[in-house]
Amino acid sequence: MNGGGILVVSAPSGSGKGTVIGKLLTVNPRLSLSISYTSRRPRQGEREGVHYYFVSRERFDDMAKSGEFVEWDEYQGDCYGTSKAKINEILARGEDVVFDITIKGAYAMREHFPRAALVFLLPPTMEELERRLRNRGTETEEKILGRLKEAKREINSLERFDYYIVNDDVSLSAEKLNAILTAHKSRVCADEAQAILKLIAG
């Protein structure tokens with residue numbers, strides 16, 4: 001019962017989610033990252049099988065139609081999906097796993113894994129969010145404005161999550177995520193209480 005914890009992290013684009021999760025993996029090296037599939041092109045520095053599995057839109061659509069994803073979503077014209085097979089591989093090893101997925105994807109994960117911890121990562125301010133998006137230097141003005149508009153809508157989803165973190169310090173945010181995972185794994189669930197007591201009783 002010490003393994004198999006599921007941490008789902010969602011955030012508006014530009015909130016620093018990927019950076020925080022990267023730091024989390026150094027804080028807790030026993031934690032596995034669920035790597036999503038995406039139809040978008042790699043950004044500078046992104047590597048296949050490390051940040052995402054990059055596939056064509058046609059390949060992504062085929063995978064979605066054949067039911068290979070636990071969840072998938074389209075965001076600003078690009079698709080992202082979480083592979084059933086990849087998740088099952090991690091959980092079969094009894095490992096904790098963190099998911100970097102969209103807000104809609106987080107809701108779908110909750111349906112499949114009711115004990116998952118859903119965490120919403122917030123930017124310090126909307127002004128800071130815009131600054132981060134512009135500093136990327138990877139997107140058009142149209143895409144930036146679209147992401148900002150989407151972010152304002154997404155923030156209203158906060159109440160559907162279990163926890164939130166304001167990301168004004170990457171290291172601190174990663175520590176908080178790790179603490180959330182540890183605490184959430186120890187929550188008492190009615191359908192597991194008897195199994196826990198039997199384990200302790202030997």
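Which side chain makes a polar contact with the side chain of Ser 157? Keep that in mind as you click through; this is a predicted model.

Stop 1: Five of them form an open sheet, in the order 2-7-1-8-9, and the pairing is parallel. Strands of a sheet pair through backbone hydrogen bonds, either parallel or antiparallel. At the edges you'll find strand 2 (32-34) and strand 9 (163-166), each of which pairs on one side only. Neighbouring strands here are turned by 25° against each other on average, ignoring direction.

Now zoom in on strand 2 and strand 7 (residues 97-100), which pair in the parallel sense over three bridges. Select Ser 34 and you'll see it standing opposite Phe 99 of strand 7.

**Stop 2: helix 1.** Next, select residues 17-27. This is helix 1, and it lies across strand 1 (6-10), strand 2, strand 7 and strand 8 (117-122). Look along strand 7: helix 1 runs at about 165° to it.

**Stop 3: helix 7.** Move on to residues 170-185, which make up helix 7. At 1.5 Å a residue, its 16 residues should span 22 Å, and the end C-alpha atoms are 23 Å apart, which agrees. At the start of the helix, show Asp 169: one of its side-chain oxygens reaches to within 3.2 Å of the backbone nitrogen of Ser 171.

Then show Ser 173, Ala 174, Leu 177, Asn 178, Ile 180, Leu 181 and His 184, the buried residues of helix 7. They cover an arc of only 155° around the axis, so they sit on the same side of helix 7. An α-helix has 3.6 residues a turn, so residues three or four places apart point the same way. What covers these buried residues includes strand 1, helix 1, strand 8 and strand 9.

**Stop 4: His 184.** Stay in helix 7 and centre on His 184. Is it buried or exposed? With 5% relative accessibility, His 184 counts as buried. Its side chain is joined to that of Tyr 163 by a polar contact of 2.9 Å. Leaving aside neighbours within four places in sequence, His 184 is in contact with Arg 115, Ala 116, Ala 117, Asp 162 and Tyr 163.

**Stop 5: Ser 157.** Back to the opening question. Select Ser 157, in the loop between helix 6 (141-155) and strand 9. Ser 157 has 13% relative accessibility, so it counts as buried. The partner is Tyr 107: the two side chains make a polar contact of 3.3 Å. Not counting residues up to four places away in sequence, Ser 157 touches Ile 103, Tyr 107 and Phe 120.

Note on methods:
Residues numbered from 1 in each chain as written. Predicted model: local features only at pLDDT ≥ 70, side-chain atom pairs only at ≥ 80, totals over all residues. Heavy atoms only, no water. Pairing = 2+ DSSP bridges. Helix = DSSP H or I, 4+ residues; strand = E, 2+ residues; numbered from the N terminus. Axes fitted to C-alpha atoms, helices over the stretch in contact; angles between N-to-C directions. Contact = heavy atoms within 4.5 Å. Expected span 1.5 Å × (residues − 1). Buried < 20%, exposed > 50% of the residue type's maximum accessible area, 1.4 Å probe, protein only. Arc of directions from axis to C-beta. Polar contact = N/O pair within 3.5 Å; in protein donor to acceptor, adjacent residues only side chain to side chain.
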